[in-house]
Amino acid sequence: MKESASLKPNCPIWVTTILFAVLGFYFVSCAKKATPVSLAEYSTSIVGHWQGTVGSSKETMNIDGDGTFVCQIQRMGFLANTLSQSVPGKVSGTWNITGAVITLKITGEKHEQLENRITSSTIESFKTDELTLKSDRGETSSFHRLISY
């Protein structure tokens, strides 16, 4: 059976492979890159919905522009994720940023037992969609933005 000329490739397969590789790199390089947030913009740029891991817990934070926050805390690990009926904790309160320090004042909690009602963390790195905090106890946690308000 004779193959139609229109179905034959016009260039070798290696040329097509290189073309797709170059296009792939081009589109990846055009993707939105996280840009650093200036210190003066911390208190407005932090407003939004964030998710990260703190110790052995996954946290989702809603930081609102009115100075309030709600944090959902979900235990992680094999037993917490698969076998247990763990109930996520919830912490809420107010927040304030002075310089590179964010202070959280806890006004409510559910399924959580807190030692301190006020805690502070230093913002070590802040990009548009990435946030790294160092707690007053020296623990570092990273968050990524889910939603901006």
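The protein, a predicted model, averages a pLDDT (the predictor's confidence in each residue, from 0 to 100) of 79, and 64% of the residues score at least 70. Among its elements, helix α2 (residues 42-45) has the highest mean pLDDT, 96, whereas helix α3 (residues 78-83) has the lowest, 53. Helices (H or I, at least four residues) and strands (E, at least two) are DSSP runs, numbered from the N terminus. Where pLDDT is low, the predicted coordinates should not be read in detail. Local features accordingly need a pLDDT of at least 70 and side-chain atom pairs count only at 80 or more, while totals for chains, interfaces and linings use all residues. Residues are numbered from 1 along each chain as its sequence is written, and side-chain values use heavy atoms, with hydrogens and water left out.

Strand β1 (residues 48-54) and strand β2 (residues 57-63) run antiparallel and are joined by 7 bridges; two strands pair if DSSP finds at least two bridges between them. Val54 has Ser57 of β2 as its bridge partner. The hairpin has 2 residues between these strands, and Gly55 takes a positive phi near 60° there.

Leaving aside residues up to four places away in sequence, Ile102 touches Ile46, Trp95, Asn96, Ile97, Thr119, Ser120, Ser121 and Leu133, where contact means heavy atoms within 4.5 Å. Thr119 is 17 residues from Ile102 along the chain, and their C-alpha atoms are separated by 8.5 Å.

Charged side chains form the last topic. Side chains of opposite charge can pair when their charged atoms come close. The whole structure holds 2 salt bridges, each defined as a side-chain nitrogen of Lys or Arg within 4 Å of a carboxyl oxygen of Asp or Glu. One of them links Arg145 and Asp129, at 3.4 Å from N to O. Because Arg145 lies in strand β8 (residues 140-148) and Asp129 in the loop between β6 (118-127) and β7 (130-135), the pair ties together parts that are 16 residues apart in sequence. Arg145 is buried at 13% relative accessibility, whereas Asp129 is partly exposed at 27%. Glu139 forms a salt bridge with Arg137, with the closest N and O atoms 3.4 Å apart. Here Glu139 is partly exposed at 41% and Arg137 is exposed at 66%.

Methods:
Buried means under 20% relative accessible area, exposed over 50%, partly exposed in between (1.4 Å probe, protein chains only).
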